Amino acid sequence: MAALWTLSLLLSASLLGCLAMTSPDGSPLPHNLPPSLGTNISDGSLSVDLPMALRVFSMDYHHIQAPFEIVLWIMLASLAKLGFHWSGRVPAVVPESCVLIMVGLLVGGVIYGVRHSAPPTLSADAFFLFLLPPIVLDAGYFLPGRLFFENLGTILWYAVLGTLWNVLGIGLSLYGVCLLAQSSLGDVSLLHCLLFGSLIAAVDPVAVLSVFQEMQVNEQLHILVFGESLLNDAVTVVLYKLFESFLRLPSVSGLDVLLGGCRVVVVGIGGLCVGLFFGLLAALTSRFTSRAQVIAPLFVFLYSYLSYLTSEMLHFSGIMAIVTCAATMKQYVEANVSERSNTSIQYFLKMWSSVSETLIFIFLGVSTIQDIHMWSWPFVCSTLLLCLIWRATGVLLLTAFVNKLRRNAVTFRDQFIIAYGGLRGAICFSLVFLIDDFPKKRLFITTTIVVILFTVFVQGMTIKPLVELLYVKRKKRALPTLSEEIHSRLIDHLVAGIEDVVGYWGQHYWKDKFEQFNKKYLRRFLIRNDRQASSSILRVYQELERREQRGVEEEAPVDPRSQGRPLLPEEMESIRRILSRNLQNFNNKQTPAYSRHTLHQDTSVDRTRKPLYRHQSLGERYSYNTITHFQVHDGGLSEPQRVRTGLSRSHTVCSISPRSTLLDSSDSAGPAQTRSTDPKAAREDLVSPKHKETVERAARKHLSFVLENEKQQ
């Protein structure tokens, strides 16, 4: 642990040294030129002359400055993440995002103290083009499809209407605060308040996922919060660009508002179509990668990123496009590529998203140390309070309406966690820097930073104790078995049939229709012939195998310090004696085999026999059907008595000796004879060589069939 923090400090010092070699505006300092180059300063400008002498050692840092600093930042963020997971009980109390932001604040403060200027900030282009896509791609590729589409209506209800509720409520309320404080906030217009409300209402999926995955809440609550935060970003970005366009117009008319509403719909549907197109294209391409499996995972990343960039180019929703692309191509890509390629895709997506998430929180803390802050108590406190009030009222009102249409109602405890889990993060922080310059832009930046720090630190650190205090249902750790999946699908088909009979087109009806279309057309066209599963049960089994493998690999390691003390030698000896005694009792215990003709337990069976042996195959049972055992009473049995007395065969698997083996070898053509009670004489007289061989094989296999006389009624 100490070595990790020491290495982190060394990397921080190296990063500071690299930043010190550049001027505050980013231009290289003159003394950092290679020593082998001469200078000519007669006219006051620098010029490069021929080298005066050959140098054995030289340094050219500015040639590799950009990639070198990027690697140092990634290394620092990764070591901070590694140190967090090795910091004892800190992960159980403080979320990972809080620790990373604190590390960023520390690094930003040190850089500011050394350079006496603002540290480097995370630009909006770097965030939206390089850091956000891996996180959204990971969330979309591992999206639980069944839960997501079963709760799609509720998720859209929260993401679309809930976001509009928060944006309009916060924006209009802040405009009222600005009207009340005319002296300090009189120059803030209504459109500026709506623009700020659109960005401050963005619930960050990065912060939400990092907290909710640690808590292991139930599947329904997790998918509602996750889906709402994922689609909430698409809506807030569209609304932000819409209000930004309104601000650049000389005046806003009713027609502009109507066109703005149409633009929101077009942006969402356009991103959906772009993602669907590239998802199907990626699935089709993966069909032809059988001879080049090495590059198969590359197409997953390229097509996903290309869908995001294409949507941004066309001013569609990039988040919607990349989520749709990932969810569309997943089942077809997994069926086409090999297991090793699937493992590579999963590991690379997790690694890429984890690094991006860590860098976002680190730079969020670093970028907080700025010279551009402006403080206003009424505006900052009102924004913080309004964010909590409008989100809570929106969740309560929307859920009250949704519960009338849902079979599984959202409980009040889940509603409280949904409202309390509206964490803000890097999305609103990046959007606030894109605002065009106006007198109160610095106030918007300061207020955004305060809201982010409050939601991440206060709400993020207290939501886990609240989940435990309210006894919120947790996630089931065990993965579903094959039997559970089959029964679940049986119920789906049954409900779909009932909906079809009664003429109700519900979600099960449309799901069944899509499955039929998928099986009949899409899977045949997008999946190779040799990868076509012959049965849906086989596909379910393969999916469960992959899910179980991911669950085992992603299982959190057990802290050795949390385990109990080692057992003492006396305790080990006591456990050994108990196990030995129980094993001996189990070996001596003989349970009679079940016979449907026997209504009572036969007490004549010897219970002190050897351990049970394996069941024989059908061929072995058939070969031993000629072997019989019975007790012959004095005087024997006549033929009529033999007919009246029904003989039943009770199969008891046990260990016997050859001495108790009697063979029924009566001649079917001759009359009934009295059999000798001497087993040895009976074997010598009646047993043929072929039967002797069968008896010896039966003795070796330790199998006997006891023939018992039933009592006469």
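**Loops, helix pairs and buried cores**

Y471 is found in the loop between α19 (441-469) and α20 (482-502); helices (H or I, at least four residues) and strands (E, at least two) are DSSP runs, numbered from the N terminus. The structure is a predicted model, in which local features need pLDDT of at least 70 and side-chain atom pairs count only at pLDDT 80 or more, while totals for chains, interfaces and linings use all residues. Residues are numbered from 1 along each chain as its sequence is written, and side-chain values use heavy atoms, with hydrogens and water left out.

Most residues other than glycine have a negative phi. Is Y471 buried or exposed? Y471 is exposed, with a relative accessible area of 67%; the words used here are buried for under 20% relative accessible area, exposed for over 50% and partly exposed in between (1.4 Å probe, protein chains only).

Stepping back to the whole chain, the secondary structure comes to 27 helices and two strands. Of the 713 residues in the chain, 41% are buried. Contact means heavy atoms within 4.5 Å. Among the contacts in the chain with a separation of 6 or more, 80% are between residues 24 or more positions apart.

Which residues have the most contacts inside the largest nonpolar core? They are W73, F127, Y141 and L199, in a core of 118 residues. A nonpolar core is a set of buried Ala, Val, Leu, Ile, Met, Phe, Trp, Tyr and Cys residues joined through side-chain atoms within 4.5 Å. Helix α11 (residues 219-248) supplies the largest share of this core, 13 residues. Another core, of six residues, lies apart from it and includes A283, L522, L526 and I527. In soluble globular proteins, nonpolar side chains tend to be buried together.

Next come the helix pairs. Helix α5 (residues 124-141) packs against helix α15 (residues 339-366) at an angle of about 135°, their axes being 9 Å apart. Axes are lines fitted to C-alpha atoms, for helices over the stretch in contact, and angles run from 0 to 180 degrees between N-to-C directions. The angle makes α5 oblique to α15; under 35 degrees counts as roughly parallel, over 145 as roughly antiparallel, 65 to 115 as roughly perpendicular and the rest as oblique. α5 passes α15 in a left-handed crossing, meaning that the near helix is turned anticlockwise from the far one by less than a right angle, with right-handed used if clockwise. On the α5 side the contact includes F127, F130 and Y141, and on the α15 side it includes W352, E357 and I360. Sorted by class, this contact has 12 nonpolar, two polar and three charged residues. Here Ala, Val, Leu, Ile, Met, Phe, Trp, Tyr, Cys and Pro count as nonpolar, Asp, Glu, Lys and Arg as charged, and the others, Gly among them, as polar.

A second pair joins helix α4 (residues 96-115) to α19, at an angle of about 140° and with axes 9 Å apart. α4 and α19 are therefore oblique to each other, and α4 passes α19 in a left-handed crossing. S97, C98, I101 and M102 of α4 meet L453, V456, F457 and M461 of α19. Their classes are seven nonpolar, one polar and no charged.

How are α12 and α13 arranged? They pack at about 160°, with axes 9 Å apart, and are therefore roughly antiparallel to each other. Their crossing is right-handed. Among the residues in contact are F278 and T285 of α12 and F299 and Y303 of α13; the contact divides into seven nonpolar, five polar and no charged residues.

T285, in helix α12 (residues 254-286), is buried at a relative accessible area of 18%. Not counting residues up to four places away in sequence, T285 touches F299 and Y303. T154, placed in helix α7 (residues 152-180), is buried too, at 5%. Leaving aside neighbours within four places in sequence, T154 is in contact with L224, V402 and R406. Finally, K330 of helix α14 is buried, with a relative accessible area of 15%. The C-alpha atoms of K330 and F142 are separated by 8.5 Å, although these residues are 188 residues apart along the chain.
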